[in-house]
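Student: I have a model open and would like to learn how to read its features one at a time. Where do we start?

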Amino acid sequence: MHTDSTRRSCGALRATDAGTAVELYGWVNRRRDHGGLIFVDLRDRDGITQIVFDPQHPSFKDAEHLRHEDVLRVRGGVRLRPEGTLNAKIGTGEIEVGIEELEILNRSQVPPFAVNSDDPVDENLRLEYRYLDLRRPRMQRNIRLRHRIIKTMRDFFDARDFTEIETPMLIKSTPEGARDYLVPSRIHPGTFYALPQSPQLLKQISMISGFGRYMQIARCMRDEDLRADRQPEFTQVDVEMSFCTQDEVLETMESCIRDVWKRVLDIDLPAFPRLSHQEAIAKYGVDKPDLRFGLELQRVDDVFAATDFVVFRSVLEAGGAIVALRYPGGASLSRRDFDALTESAKQAGAKGMVWIALGADGVKSSAQKFIGEEHVAQLRSRCDAQTGDAILLFADAKATAFAVAGRMRNDVGERCNLRDPKAFRFCWVLDFPYLEIDEVTGQPAPAHHPFTSPGPGQWELIDTDPQAMRAQHYDMVLNGFELGSGSIRIHKPELQRRIFTMLGMTEEQIEQRFGFFMRALEFGAPPHGGMALGIDRIVMLACGEENIREVIAFPKNQVGRDLMMDAPTQVPEPLLRDLYLRSTAPEPQSGR
């Protein structure tokens, strides 16, 4: 046995280290008393080592009182575990360390939940004690994988001669669709900074500044309602390129993701299929399709062109659409099951749903009187439906019919277990409409942002039929999630002004919101384009998680509160006076 000990990590020791003296630091993961010996699994960031206390050793009495999460420094000799006690589940399972010296560096209170397992725990409790939650194996794995993904992205863009430029966190409020977080200025009373929703204008100005290839791991903030895949603050990889085509941007971003999947997950991704926006809606009903399963939608207006069914006939006469969806094995569903599906369709925006069950003992339908054998034969052929399947029909205005069918397609995919949780199916969606109708104001608004360039040949429509315009805008989609968006930008000031004017902005509004940017465009702005991908969503999907809070070290909860720090909170009145502010809000309740 060597007298000098070497500091090692708790995940590094192997059988070849037997006979050496080591020093270990870590937390008590488990403690067990067996036949006079005390066994402790000591855990650090790299793994677990079993340490053994002999009753003859002075440290044994202290070991009797060790608790979970106590912090230790130990010194001892590495030895092979006795035959029959090996643990093949961990890398250090062939050895143990006989302890010669124990130092308790810190005691721990009894944790509010088990840190040494990934057993389910109430999420709010986990977020309140996030420092303990982050010690758990799953969270350690997720945060480390996040680090590797971000590092791989940085290395990728560095190898392609991109320059990382840090843009400011205190900027001008230039609303881009969501609410800004505002920061009052003490030095300039009555004025406010905004926290960036994205570095959009600043990265475009970086192209005007001549850097040519910009990237940034950017922190962004949006004051919007939360969902499982959204947080008020988030991280994106932000990219911009000068003198580029749309294809060059797509190639760059796709290559980045394929590089990440190969280096981090050891998965070779095939080339990403490209779908037009119109094609994605026609086949899948949504512009972020889940390609892990088929079940493509079918428009079947012609099948019912001569129908007497008043519901279908009125829809067709109004220029609407009838969309069919195959439900594999759906003929076995009960009427109650079909009623539940119909209710789901109504919640998705439909007025109703017609179902046809292709049972072995005959065909049944919720519109039995109006669905004849000829209809069934044509629908079978169109939907590639087999005996035992069901066909769901949605009749409504075209946009509504496809949107509801798309939602129900995802529902059916989930019910039928068609989504392989280990599969990664990427795609591009291109050629988006330039405008969409704002749900709040009812007015046309940019589908992406007003700095996106219309597609080739689309500028002529700006004065005649602006809602028919298509944009040089593109989305990357994975398993039904939009990972990010990008576009070719407008680089000529007169064209940018035309877009602002089309959107109803006055000259005063253009100057007040975007005057600095319009002036920058007047000094030789190059053609440019770019994209941003949401890192939180990328890591969530790479980890196989369903919620981005599982891949963010210190997230907010479902209502935007930080339960660990108890934020947001009120601030003392003198601080508000310094900012020339006065609160009129009622006393808030604690988020805990």
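Tutor: Start with burial: a residue counts as buried under 20% relative accessible area and as exposed over 50%. Keep in mind that this is a predicted model.

Student: How does that cut-off apply to F514: is F514 buried or exposed?

Tutor: F514 has a relative accessible area of 3%, so it is buried. For F451 the value is 1%, so F451 is buried as well.

Student: Which kind of aromatic pair do F451 and F514 form?

Tutor: The general idea is to look at the angle between the ring planes: over 60 degrees counts as edge-to-face, under 30 as stacked. F451 and F514 lie 5.5 Å apart, centre to centre, with 80° between the planes, which makes the pair edge-to-face. This pair links distant parts of the chain: F451 is in the loop between β20 (444-446) and β21 (473-478), F514 is in helix α13 (residues 507-521), and 63 residues separate them.

Student: How many aromatic pairs does a search of the whole structure find?

Tutor: The search finds 15 aromatic pairs. One of them, F272 with F426, is stacked, at 4.6 Å centre to centre and 5° between the planes. F272 sits in the loop between α6 (246-265) and β12 (274-276), while F426 belongs to strand β18 (residues 426-430); the two are 154 residues apart. Both F272 and F426 are buried. Ring pairs also join F272 and F426 with W261 and F424 in a cluster.

Student: Next, a helix. Which residues of α10 are buried?

Tutor: Helix α10 (residues 373-383) has H375, V376, L379 and C383 as its buried residues. Viewed down the axis of α10, these buried residues fall within an arc of 95°, so they line one face of the helix. The face turned away from that buried side carries the exposed residues E373, E374 and S381. After α10 comes D384, with a positive phi near 55°.

Student: What covers the buried residues of α10?

Tutor: The cover includes the strands β13 (298-299), β14 (321-327), β15 (354-359), β16 (362-365) and β17 (390-396).

Student: How should I read those strands as a sheet?

Tutor: In general, strands of a sheet pair through backbone hydrogen bonds, either parallel or antiparallel. Here five strands form an open sheet with antiparallel pairing, in the order β13-β14-β17-β15-β16. The edge strands are β13 and β16, each pairing on one side only. Two bridges join β13 to β14, and the bridge partner of R299 in β14 is V323.

Student: Last, a single residue. What does the side chain of S485 make a polar contact with?

Tutor: S485 is in strand β22 (residues 481-488). Its relative accessibility is 15%, so S485 counts as buried. The side chain of S485 makes a polar contact of 3.0 Å with the side chain of E482. Leaving aside neighbours within four places in sequence, S485 is in contact with H448, H473, Y474, D475, M531 and A532.

Conventions:
Residues numbered from 1 in each chain as written. Predicted model: local features only at pLDDT ≥ 70, side-chain atom pairs only at ≥ 80, totals over all residues. Heavy atoms only, no water. Buried < 20%, exposed > 50% of the residue type's maximum accessible area, 1.4 Å probe, protein only. Helix = DSSP H or I, 4+ residues; strand = E, 2+ residues; numbered from the N terminus. Arc of directions from axis to C-beta. Contact = heavy atoms within 4.5 Å. Phe/Tyr/Trp six-rings, centres within 6.5 Å; stacked < 30°, edge-to-face > 60°. Polar contact = N/O pair within 3.5 Å; in protein donor to acceptor, adjacent residues only side chain to side chain. Pairing = 2+ DSSP bridges.
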